[in-house]
Structure formats: structure tokens, C-alpha cells
Amino acid sequence: MRPIVLKGHERPLTFLKYNRDGDLLFTCAKDHTPNVWYGHNGERIGTYQGHNGAVWCCDVSRDSTRLITGSADQSVKLWNVEDGTQLFSFKFDSPARSVDFSEGDKLALITTDPFMELKSAIHVKRIEKDLSRQNSESGLTIPGTKFRINRAVWGPLNRTIISAGEDAVVRLWDSETGQLLKESDPEKGHQKGITSLAKSADGSFFLTGASDKSAKLWDIRTLTLIKTYVTERPVNAVAISPIFDHVVLGGGQSASDVTTTDRRAGKFEAKFYHMILEEEIGGVKGHFGPINALAFNPDGRSFASGGEDGYVRVHHFDPDYYHIKM
């Protein structure tokens with residue numbers, strides 16, 4: 001599998017997102033400027049200029065016309081995908097960590113970090129079709145804890161919100177009232193901070209990755225733990241194949257730890273596991289630092305990884321991949 005290496009960021013990658021059709025790949029990094037590329041050949045199309053802090057997360061609307069980005073500069077911006085113009089900016093009192101469009105793109109889910117005296121929070125903002133009517137008011141604000149919420153996503157039919165973060169707890173909220181419906185079992189759940197969260201293509205379950213060197217698969221409606229994948233390094237990024245029972249985990253020691261040990265011990269590869277059997281089935285090497293972001297193309301025929309080294313690597317699967325026997 002010869003990867004296509006995309007060099008468009010000056011700083012470590014933080015997040016990757018394909019659009020619904022898989023022909024566009026959006027990349028976020030600590031260098032303030034999200035990029036957009038062609039998904040199949042890695043040609044860069046353009047950039048979105050306006051943030052002045054690390055961009056932690058992004059999402060793209062179902063029809064690929066709007067992009068939403070959350071940044072350490074305490075703002076969430078709405079962009080026109082095609083020409084890169086900024087349509088609206090939501091201002092907050094602390095860094096914005098996670099963004100997610102609802103089913104139908106009429107709402108946006110935003111999480112903000114604990115900052116100074118402020119606790120973390122989950123905000124629901126209405127996204128107007130007519131931007132002249134757009135405002136900053138929150139439809140709902142759910143106060144969090146003193147721990148950072150690293151990721152929050154919508155549950156089925158936008159009825160629930162799933163959040164996870166530094167306190168290692170997965171929480172299920174009612175998106176109408178903000179009421180806490182359920183928390184993950186501390187015995188069965190993660191033992192260290194949850195770094196990443198990815199939903200399956202059909203939205204019926206989701207995968208979390210954590211610093212405790214494991215990833216876990218959960219039922220999105222009941223928060224029932226289904227599977228656990230154990231690896232030998234902290235997990236920074238996770239993704240679920242849309243066509244096979246495969247999950248991919250990425251991570252590695254932090255860059256500061258690697259300098260004191262053998263570089264090969266950093267284990268900077270994307271590891272594939274069989275979703276049902278929980279067994280490792282292969283790995284893809286290439287990054288020179290921890291993997292911070294992973295995403296499958298919606299057609300399942302390629303995946304992208306973004307690393308601490310500032311590179312995005314797009315891997316198109318070899319024909320052999322489609323005939324892996326377990």
C-alpha cells in the first residue's frame with residue numbers, strides 16, 4: 001500500500017474528516033489553518049483562513065456546502081466549503097474542543113474546555129439556512145466538570161448526546177433537556193482519559209480510544225460495552241470501517257517520551273483489529289510521530305491518518321485487503 005503523503009500543515013495534525021461522498025478530505029492542525037484536499041489523489045484544493053489558534057476539530061454538512069471548525073482561539077467558525085469564506089463566528093470564553101453537525105445540519109454540538117474558573121460545557125447552537133438570521137444564542141448548554149470533554153457527538157435522531165473526555169467516563173445526555181441519562185460503568189470502562197470517539201457508519205455503535213492503551217466499542221443507545229481492543233501504547237485516534245468488521249487504532253508514546261528511548265519503540269503505526277474477534281489483523285507504518293487522527297473514506301476503500309509529524313497519509317487498500325480471512 002503506497003500512501004499518498006499530504007504536506008500542507010506546519011504543525012501536528014489534530015483531526016481528519018471526509019465528506020459524505022468521500023471525494024473531499026478536511027484536515028485540522030495546530031497551525032490555525034484547516035485545509036481541504038481531493039480524497040482520491042490528495043491534491044490540495046484550498047485553505048480556510050481566519051482562526052488564530054490551534055484548530056481541534058471540524059465537521060462538514062451532509063451536502064458538503066458548509067464546514068464548521070472549533071479552535072483554541074475560543075471561537076467556532078462556519079465556512080463556505082467551496083470558496084473558503086467565513087460565514088459566521090461563534091465566540092466563547094474558553095477554547096472550543098469538539099464540533100458535530102446534527103442529522104439534518106440544523107444544529108451544531110460544540111464542547112468548550114475548562115479555562116481559568118470556568119468548567120467544561122456542551123453547547124447546542126441552531127444553524128440557520130438563511131445566515132442573515134444566524135445568531136450566537138445557545139439552544140441548550142450542559143455544564144460539565146473540571147475535566148476536559150475531548151469529544152461529543154449526536155446520538156440517533158439527534159435525541160441524545162454522547163460525550164467523553166479526560167475523566168475516562170462516557171456520558172449519555174438528553175439533547176432536549178440536558179439531563180444526564182447514563183454513565184459508563186467505571187469498572188468496565190476506560191481507566192484513563194478518553195482521547196477520541198468515532199461512530200459507526202450506521203450510527204448504531206461507537207468506538208472510544210484512551211490513554212489506558214485500549215479502545216472500546218459501545219452500543220450508542222444503551223452505553224453497553226460490546227468489545228475491547230488492547231494495544232501496547234496510548235490510543236489517540238480511532239476509526240470504524242464502513243464496509244468490514246474492522247476497526248483501526250492509532251497512537252504512540254508522546255513525543256517527549258520517545259526522545260529518551262529507541263525511536264522504533266514509539267510504535268507509530270495504525271493497527272487494524274477484527275471488530276468481532278478483538279484480534280489484531282495488521283498494521284500500517286509510516287509516521288515519524290504519534291498518530292493523532294484517523295478517518296475511513298465512506299466507501300471503505302481507503303483511510304487517512306494524521307500525525308504529530310505534520311503529515312497526512314492517505315492509504316488506498318491493496319486488493320489483498322478485501323480477502324483477509326479470519
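**A ring pair and its surroundings**

Modeller: Start with Phe244. Its relative accessibility is 24%, so Phe244 counts as partly exposed. Keep in mind that this is a predicted model. Tyr321 comes out at 10% relative accessibility and therefore counts as buried.

Now the pairing. The whole structure contains 16 aromatic pairs. Phe244 and Tyr321 form one of them: the ring centres are 5.4 Å apart and the planes stand at 75°, so the pair is edge-to-face. The cut-off for that label is over 60 degrees. Phe244 sits in the loop between strand E22 (235–240) and strand E23 (246–251), while Tyr321 belongs to the segment after strand E28 (312–316), so the pair ties together parts 77 residues apart in sequence.

One aromatic cluster is formed by Phe244, Phe272, Phe296, Phe303, Phe317, Tyr321 and Tyr322. Arg301 lies over the face of Tyr322, 4.8 Å from the ring centre. Elsewhere, Lys7 lies over the face of Tyr311, and here the distance to the ring centre is 4.9 Å.

Next, the largest nonpolar core. This core has 25 residues, and those touching the most other members are Phe26, Tyr48, Leu67, Ile68, Val76 and Val81. At least two core residues come from each of strands E3 (24–29), E6 (55–60), E7 (66–71), E8 (75–80), E9 (86–91), E10 (96–101) and E11 (107–112). E6 gives the largest share, four residues. In soluble globular proteins, nonpolar side chains tend to be buried together.

Take Phe26 in detail. Neighbours within four places in sequence are set aside here. The contacts of Phe26 then include Tyr48, Leu67 and Val81. Phe15, Leu16, Asn35 and Val36 are also among them.

For Cys57, the nearest cysteine sulfur is that of Cys58, 6.3 Å away, and Cys57 is in no disulfide. Cys57 has 1% relative accessibility, so Cys57 counts as buried. Cys58 is in no disulfide either; its nearest cysteine sulfur, that of Cys28, is 3.5 Å away. The cut-off for a disulfide is within 2.5 Å. Cys58 also counts as buried, because its relative accessibility is 1%.

Terms used. Residues are numbered from 1 along each chain as its sequence is written. This is a predicted model: local features need pLDDT of at least 70, side-chain atom pairs count only at pLDDT 80 or more; totals for chains, interfaces and linings use all residues. Side-chain values use heavy atoms; hydrogens and water are left out. A nonpolar core is a set of buried Ala, Val, Leu, Ile, Met, Phe, Trp, Tyr and Cys residues joined through side-chain atoms within 4.5 Å. Buried means under 20% relative accessible area, exposed over 50%, partly exposed in between (1.4 Å probe, protein chains only). Contact means heavy atoms within 4.5 Å. Rings of Phe, Tyr and Trp (its six-membered ring) pair if their centres lie within 6.5 Å; planes under 30 degrees apart count as stacked, over 60 as edge-to-face and the rest as tilted. A charge sits over a ring if NZ of Lys or CZ of Arg is within 6 Å of the ring centre and within 35 degrees of the ring normal.
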